[in-house]
Amino acid sequence: MQTFILAAYVLVWPLVSLLVLAVIGVATIKDIQAARREKRELV
Amino acid sequence: MNEENFYQFSTLTVLILLAAFYGGTYLLTLLIKKKKENTDAFMVSNHQIGFGLGAASMTATWIWAASFYGAATSGYTYGISGPLHYGLWGALMILFIYPFGRRFRELAPNAHTLGELIHARHGSSSQLILASSNILGSIISLMVNFTASGALVSVLSPLSFQAGVVIAGVGVLSYTLWSGFRASVLTDFAQLMAMMAVAILIIPAVLFALGGPQTLSDGMSLLTPEQADLFSMDAILKQGAPFFVAVLAYAIGNQTISQRLFAVREDHIKPTFITATIGYGAIVIGLGMIGLMALMTGMKPIDGDMNNLIPQMVSMYLSPVFIGLFFILVIGSLSSTADSDLSAMSAIVMADVYGKNIAKNKPDPTKMLFIGRLTMIVATLIGVILASFSMDILIMLVFVGALWGAIVFPVIASCFWDRVTNLAFTSAVIAGLLMFCVARFELLPMAGFIAVLFELLAAVGGGVVLGLMTFGFCGRRVGLIVGALSAIGLAFLCVGFLRDYTVLLASLMAYGVSTLVCIAVSLLGSSKFDFTQIDQNVINYDPAKTEAQA
């Protein structure tokens with residue numbers, strides 16, 4: 001049990017990073033599409 | 001440094017890696033480069049940065065080289081709870097500023113720096129206090145990041161420390177110089193994607209290279225009872241609490257954050273900052289786990305230098321490909337923060353120094369841009385020169401954060417309370433700084449009446465921190481109640497106890513004293529400020545945009 005908890009404690013952070021990476025990636029694609037649609041610069 | 005303990009790249013390999021990183025980043029900025037940039041975009045883009053780019057930029061900016069080394073050191077020193085006490089509070093710095101950021105945007109939608117807002121509220125002296133503290137923070141940040149580059153290059157290759165410092169300085173300057181903040185935001189996105197991908201791979205790779213989860217279980221026997229405790233008081237008081245105290249101070253004192261608060265689309269501020277909070281926490285706590293794993297395997301840092309922990313673990317247990325990825329991870333983190341610092345400093349000198357105090361709100365846009373770029377060059381030179389000094393990253397972080405503590409209450413109060421005056425602002429900051437120094441450097445004997453007085457002032461500071469945090473999310477009444485009750489509760493806990501924790505005592509004193517002086521001096525006056533004046537005085541500098549708004 002202790003082994004599982006310790007492994008989860010270490011490995012949960014890269015998993016959360018992966019989720020955030022996906023959220024930011026998708027949101028940025030939407031940002032690019034919105035900028036094109038509104039004919040303005042992305043930044 | 002015993003370099004035999006680290007994997008060594010050849011000079012050619014390191015130069016290729018650096019050229020690929022900085023060359024690729026520079027090519028990316030060509031996508032947005034304009035022959036004639038305008039001043040507003042150079043400082044805050046178009047005030048319309050979207051959620052994705054905003055969150056990426058905020059996360060990348062807040063993750064610097066010290067984040068990895070600091071989190072790993074914390075994990076190695078304090079055990080199980082160590083990485084949490086570094087990464088969690090660092091992440092909360094991003095979270096707790098956004099409610100105040102929305103107020104800043106409401107008061108001054110055209111602002112480029114927080115200093116401009118304070119200038120419109122109080123005048124030059126308060127603004128310059130804020131601007132100079134921002135510049136100090138950014139210079140230190142630049143120095144630390146360039147130092148990290150030099151250390152990394154010298155450890156993993158035959159190149160010298162100075163070569164690493166200079167390459168990072170020139171590399172960052174090359175892609176930030178022309179387009180300023182716009183280049184910083186765009187490159188932050190690419191750098192963050194790379195950093196996250198590498199972090200996601202490296203953390204499990206180290207764990208399984210060590211022998212998998214069973215190694216962690218076996219390593220528990222090497223931990224002291226304090227290190228094995230998730231709620232270790234040692235970790236809370238020596239690592240967590242000083243960071244917690246600095247949460248608001250870092251956010252207020254750092255122009256890189258306010259610049260993004262003014263740049264992100266107003267309705268995207270909340271999701272942007274919440275996402276950045278989670279992203280920062282996950283990456284930094286995750287990399288801090290490498291320090292914990294080092295502790296659990298009984299590894300000793302070479303030369304006793306904690307900054308060697310991560311490079312040592314990566315060198316010992318991973319293949320050269322992973323070591324190359326780690327190299328890019330560190331270079332990416334330090335570059336994304338350094339380019340944000342350059343953009344922040346250029347905006348402060350352009351808007352706060354030239355725009356407000358020299359050109360008196362009627363600047364020449366061409367000259368303004370030139371000043372911004374010149375600032376970047378000078379700041380890079382200073383950062384490269386200062387990088388030759390060796391300083392303990394963790395202590396420095398706490399110290400600068402506490403220094404900024406003195407400005408937190410005066411800045412926030414100035415944006416919500418119409419009775420705060422310029423005299424109240426400046427006297428509060430000066431008093432807070434003085435008392436911080438007295439406590440931090442133990443200029444008075446910490447015993448008897450003085451110690452009790454300082455502990456009570458620190459309790460007030462603790463109440464201010466908790467009260468302001470609550471105020472940001474729950475409003476004035478709840479904030480006041482939480483602040484007052486916390487101060488009373490802390491008074492009982494602090495007296496006779498806090499004097500042994502000098503860093504924490506001094507940091508809390510800065511908050512407590514500046515708050516008391518700010519309130520007292522404000523109440524002595526009778527003037528009331530009209531907040532609508534701020535928007536009228538904080539202007540766009542781009543003539544085309546100003547005409548369009550008119």
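**Reading backbone and contacts**

A: B:Glu442 counts as exposed because 12 C-beta neighbours lie inside 10 Å; a residue is buried if 20 or more other C-beta atoms, placed from the backbone, lie within 10 Å of its own, exposed if 12 or fewer, and partly exposed in between. This is a predicted model, in which local features need pLDDT of at least 70 and side-chain atom pairs count only at pLDDT 80 or more, while totals for chains, interfaces and linings use all residues. Residues are numbered from 1 along each chain as its sequence is written, with chains lettered from A and ligands numbered from 1 in the order in which they are written.

Q: What is the phi of B:Glu442, which is not a glycine?

A: Most residues other than glycine have a negative phi. B:Glu442, however, has a positive phi of about 50 degrees. B:Glu442 is found in the loop between α19 (422-440) and α20 (448-474) of chain B; helices are DSSP runs (H or I, at least four residues), numbered from the N terminus.

Q: Is B:Ser45 buried or exposed?

A: B:Ser45 counts as buried, because it has 28 C-beta neighbours inside 10 Å. B:Ser45 is not a glycine either, yet has a positive phi of about 60 degrees, and lies in the loop between α2 (39-44) and α3 (51-62) of chain B.

Q: How many residues does the contact take from chain A and from chain B?

A: Two residues are in contact if their C-beta atoms, placed from the backbone, lie within 7 Å. Here, 22 residues come from chain A and 33 residues from chain B.

Notes:
Helices (H or I, at least four residues) and strands (E, at least two) are DSSP runs, numbered from the N terminus.
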